[in-house]
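Please open the model in your viewer and keep the selection tool handy. We will take it one stop at a time.

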Amino acid sequence: MSQPTIESVLQEKRLFHPPEAFSQSAHIKSMADYQALYDKAAADPQAFWAELAEQELHWFKKWDQVLDWQPPFAKWFVGGKLNISYNCLDRHLTTWRRNKAALIWEGEPGDSRTLTYAQLHREVCQMANVIKSLGVKKGDRVGLYMPMVPEAAIAMLACARIGAPHTVVFGGFSAEALKDRLNDATAKLVITADGGFRKDKTIPLKAAVDAAIANNSVPSVENVLVVQRTQQTVHMEPGRDHWWHERQVEASADCPAEEMDAEDMLFILYTSGTTGKPKGVVHTTGGYNLYTHMTLKWAFDIKDTDVYWCTADVGWITGHSYIVYGPLSNGATSLMYEGVPRPSNPGCFWDVVEKYGVNIFYTAPTAIRAFIKMGDDIPKARDLSSLRLLGTVGEPINPEAWMWYHSVIGGGKCPIVDTWWQTETGGFMLTPLPGATPTKPGSATKPFPGILADVVDLEGNPVGTNEGGYLVIQHPWPSMMRTVYGDDDRFRRTYWEHIPPKDGQYVYFAGDGARKDEDGYFWVMGRVDDVINVSGHRLGTMEVESALVSHPAVAEAAVVGRKDEIKGEDIFAFVTLEGTYNPSDELKNELKQHVVAEIGAIARPGEIRFADALPKTRSGKIIRRFLRNLASGEDLVGDASTMEDQSVLDKLREG
Ligand code: WT7
């Protein structure tokens, strides 16, 4: 761990009670109700989850055992059979929801589409049949590299329907990053689009897939299914590449959902860790379906009358759990928007809220900070009165951004749910229940019922009230990641060994620092490992360093996070050059571009500083602590006596 002690400076005393009218009609109406659920779950987690699984989901066959816990490996609903696509679609078709909007979609250029549950079901079945006709069988992995169009959700549900785990790669990742992920997952099929619209330009998705799989560099890929979106010219390789719209007209709409084992893999989603290699986070079917269903229902208080909008991209876990699976399993109306605020249309989010009468809105602090900068006039020029609940996720929200969100967007009347969770956790872990929990700006408040969370020191001992420590989860939960794809050992090392088990009790180490206040509220303080949170997206310092070092000019690179007003953190890279290269601004730009090509635009370093040498310990470990201080222009904190060469720091300071 790079931070020996964690100090919290935030002292926030404001408290906001849920409006009475909100509480009265909420699923969970009071703190007493929350506490009763929490206590019930804590006393017997298995009985608690089993009861909900029975009530809320459809099972082809009931489980034999609720939980099989062989730390750190958990199995939930062992022996149970279900299909999440069935729970998201088929079961609603026998109710009035058959003709309810499942997805409302708005494209960036202003085109739009609404799919009812019946229509969505039909298209999912058709795509499932097309996927099958391309040789994909139960258990085969399918890579998705998609823009934010309904077909992204359709493809996910189609894969789930036939039991082919999907691995969605965010459309902003580069061809290089896509190649690595497809190879790690040994994907048999890739589903993509010709391109996508982003900030008034088109992004060449199909061309990136072509580059990723060129020269047999991903030998497992046999076919590519291409959705037409932008109508830009693309190369179609005969025999390998297939247009979805051509296949769809021939495809039968009859495709019964496969009976999946509760523990069958539903998807792999790659996330950054402390080493260069992205981790394939594995989620399975039953526990994930139940947990995303329950968390959305209680934390977002979903009702049949709501239009619910989560602004994330389906390429992230937020999109998986809270655009697609959680909302559809609940029979909710989920809004999907292709665009992002851009210079030509900074108010586009508020136009969408007004156009569709959005009731529940879920976004990230980085977006909120950007809105604050653009000025209150933009949201104030729109009618946002339909909103009744707001959510935030991705990083700690600054209390002032929270207050702005509350007053300017929420009109002072909407509770805010600050949801702390991770790709690994599958669903919300710490979150207010909006009809019950009084909120404090900047706190994700309390654990969801069934989640046992605490803040401990590195020995696993609880720290005192308001003392900083490591956020841990003490009991398995249904949607926890099951392993790192193909690497059980990495799973164990990364999440279960930092804090040693006490009396055989394993705890999940989240990688975040936190404190708990006198009311038992959690305050998450950010990552304690070498992970940088840029605009709510995790990037491993090692990944960026590896990308830099792969450029011929770079001898060595060290990357740290630096505070950024909008993005939360920005990437600051220290680079030493190979002998024949000279520092120049052109080279800085070239290196930034190189990182974009290797990983994607989200990883572009904000600043690169050339150095003669990097500060290292006598054993050769880069001392990032000092680099962090340098990057943020602070004085060096801590002891430099373990440094191999003291003069290195003086030179770096001169920059
Ligand atoms: C990391 C997980 C879960 C979807 C978005 C990101 C940070 C996330 C919060 C929050 C403080 C937060 C943590 C966490 N984080 N939500 N409400 N308050 N920090 O998913 O890419 O897996 O990143 O995001 O540092 O560990 P992810």
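Residues are numbered from 1 along each chain as its sequence is written. The model is predicted, so local features need pLDDT of at least 70 and side-chain atom pairs count only at pLDDT 80 or more, while totals for chains, interfaces and linings use all residues.

Start with the open sheet of 7 strands, whose order is 12-11-8-6-7-14-15, with mixed pairing. Strands (E, at least two residues) and helices (H or I, at least four) are DSSP runs numbered from the N terminus, and two strands pair if DSSP finds at least two bridges between them. Strand 12 (241-243) and strand 15 (279-284) are the edges: each has a single partner strand, so one side of each lacks a neighbour in the sheet.

Now select 142-145 and 166-168: these are strands 6 and 7, which run parallel and are joined by 3 bridges. One to click on is G143, whose bridge partner in strand 7 is T167.

**Helix 5.** Next, select residues 117-133. Helix 5 is largely enclosed by the rest of the structure, because 12 of its 17 residues are buried (20 or more other C-beta atoms within 10 Å of their own, with C-beta atoms placed from the backbone). Among them are Y117, H121, C125 and I131. Just after this helix, look at G135, which takes a positive phi of about 90 degrees.

**The ligand.** Which elements each supply at least two residues of the shell around the ligand? Select helix 11 (317-329) and strands 23 (508-516), 24 (522-527) and 26 (537-540).

Key: The expected span of a helix is 1.5 Å times one less than its number of residues.
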